[in-house]
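Please keep the sequence and the structure in view while reading.

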Amino acid sequence: MYKDKNYFEGLFCGVKSICIGLKTTMREFFTKKITEQYPENRKELKMFDRFRGSLVMPHNEKNEHKCVACGICQMQCPNDTINVVSEMVEVDGKKKKQLVRYEYNLGSCMFCMLCVTACPHKAITFDQSFENAVFDRSKLIKVLNKPGSKVEEKPVVKKTAPAPAAKPAETPAEAPKPEAVAPKTAEEQPRIEAVAAKTEVEQPKPEAVAAPKEETTKVEQPETEKAAE
Amino acid sequence: MFDFSVISQWLHTLLLSFLPEWATILVESVIVALVIITLYAVFAIVLIYMERKICGFFQCRLGPNRVGKWGLLQVFADVFKMLQKEIIKMRQTDRFLHDLAPFFVVTASMVTFACLPWNKGGHMIDFNIGIFFILAVSSVSVVGILLAGWGSNSKYPIIGAMRSGAQIISYELSIGLTMLTVICLTGTMQISEIVQQQSELGWNIFRGHLPMVIAFIIYLIAGNAECNRGPFDLPEAESELTAGYHTEYSGMHFGYFYLAEYLNLFISAGIATTVFLGGWAPLHISGLDGFNGVMDAVPGIVWFLGKTFFVVFLLMWERWTLPRLRIDNILTLEWKYLMPISMLNLVLMALLVAYGLYF
């Protein structure tokens, strides 16, 4: 049994370890049981924080969400679960993308959370609701933005939407971050430059290169204005 | 203490008053058989429920709790499901042996079951070589298991059956030696005598102190191995052999193996109770007459069942604590550890008895 021990050592060692095991199970026998009895404990049942129930878009008390309709989540989604319907509106003489409908198909979602991690504004998140069963498949397609909601008033306003090319969309998403976390601006700024430079190297298409550069400068402006104030 | 033989005597004379003797014995045999089968089924249900609950509690969960209050009807549901299932007839099996095997297993365990002393005077089979008879009859289940493995004509069952054969035959030695230790102390093999003696002189585990405690522990380990349970469930190791020797069985044929497994657990606990913990004998502490009087008021069957279920609990505790052993470890444990220890124990017991160093 125990090759490194002699006969009696092995015997007593075995007895001792069995006693330890028996003690452990006996302690377990009297501990509070962890079984959740679901339909009965519906009221007090709380899923753990990292549980991915379904995708939601949190709205504040003024019925405002944070989504700028950039569409990154839609692009990240491996299953085409998300469909962001947006429209162009003109604000202060500048064209701007605005969210019309944020469609989320729970039926095809695989809860990988790529959309949430990709979202630059933390506009979407997973909640802990798990009672997702419905009788009709069409009910699984949910519209996440509440009716009449609008985007939260943040300096995202002055953003001319570039041509809907895949790459450029990523840089504007990157840009607004410094505003949210003011002290970090110094660190963030070089990073954005680097990203822009990277896209330049990778994609030598003229429009693709032009767009991010334009973006960065545009977004920087409100920043400086704010600082001046 | 209530003597159950009053009832059996009364029944006997009642039947004799209007039946010839051969018919009386026939009727009595049928009644006893019915009682055995009923008790067998009832205890199987109780034990399966108990096992599932206790297993759950050891694993920090609640066990069955949906069917009926506290899941009490769960086992009934399982049994009815089992009864409804088809007994699948497979090609290329030895049909006769395949169908015969469960009956060997279940018959062996039923006959052993009938040997247990339920109460004072409440024995079904009782004669002067009782323990020897139990050992002999309980070994018949090995034949059933080997037949099941052989008759299935399939790989997993034959491996399971071979393991079971090696294991049960090995552990039979330890059981035999511990029983010899007990007989050395009691001087009789008749079960009613052994229990009667314990009710007068104290439980064997107290009378024979050290060697009896060692024998009791060895019996618990070997008894668990005899039932193919606990860390010794290699013959049906589900992760390697799907279900071992009963892989190819379905419906009630599988049900018989299942019943026999649980009843064997009860039987080995019952025998441990009978020979070590005094069977139906109440707990007496010499000098405390009031306490002894209270203990005497509790009926013998309650004592017997209480002690037996306590031992069943010990066996389940052991089972749900230890992981499954490898086959060579099992044989090492028996041949290198348990058997030498129980031999030495027997010598020790013989010395104690020879010098009168017991209570």
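In helix α2 of chain B, the buried residues are B:Y40, B:F43, B:A44, B:L47, B:Y49, B:M50 and B:E51. A residue counts as buried if 20 or more other C-beta atoms lie within 10 Å of its own, as exposed if 12 or fewer do, and as partly exposed in between, with C-beta atoms placed from the backbone. The model is predicted: local features need pLDDT of at least 70 and side-chain atom pairs count only at pLDDT 80 or more, while totals for chains, interfaces and linings use all residues. Residues are numbered from 1 along each chain as its sequence is written, and chains are lettered from A and ligands numbered from 1 in the order in which they are written.

The cover over the buried residues of α2(B) includes α3 (74-84), α4 (95-114), α12 (251-275) and α14 (300-321) of chain B. Contact here requires C-beta atoms, placed from the backbone, within 7 Å. Helices (H or I, at least four residues) and strands (E, at least two) are DSSP runs numbered from the N terminus.

In both cases the end-to-end C-alpha distance is given beside it.

| Helix | Residues | Number of residues | C-alpha end to end | Expected span |
|---|---|---|---|---|
| α2(B) | 21-58 | 38 residues | 53 Å | 56 Å |

After α10(B) comes B:N228, with a positive phi near 55 degrees; after α2(B) comes B:C60, with a positive phi near 65 degrees.

Positive phi values also occur in loops. Most residues other than glycine have a negative phi. B:Q92, not a glycine, has a positive phi of about 65 degrees and is found in the loop between α3 and α4 of chain B. B:Q92 is exposed, with 8 other C-beta atoms within 10 Å. In chain A, the phi of A:M113 is positive, near 70 degrees. A:M113 belongs to the loop between β4 (94-105) and α3 (114-118) of chain A, and is partly exposed, with 16 other C-beta atoms within 10 Å.

Elsewhere in chain B, the axes of helix α7 (residues 155-186) and helix α15 (residues 327-354) come within 9 Å and cross at roughly 10 degrees. That makes α7(B) roughly parallel to α15(B), a term for angles under 35 degrees. Axes are lines fitted to C-alpha atoms over the stretch in contact, and angles run from 0 to 180 degrees between N-to-C directions. The contact of α7(B) with α15(B) involves 18 nonpolar, seven polar and two charged residues. Ala, Val, Leu, Ile, Met, Phe, Trp, Tyr, Cys and Pro count as nonpolar, Asp, Glu, Lys and Arg as charged, and the others, Gly among them, as polar.

B:L201 lies in helix α8 (residues 191-201) of chain B.

Chain A has seven helices and seven strands. Of its 229 residues, 21% count as buried. Where chain A meets chain B, 13 residues of chain A are in contact with twelve residues of chain B. The chain A side has seven nonpolar, four polar and two charged residues.

How values were computed. Angles under 35 degrees count as roughly parallel, over 145 as roughly antiparallel, 65 to 115 as roughly perpendicular and the rest as oblique. Two residues are in contact if their C-beta atoms, placed from the backbone, lie within 7 Å. The expected span of a helix is 1.5 Å times one less than its number of residues.
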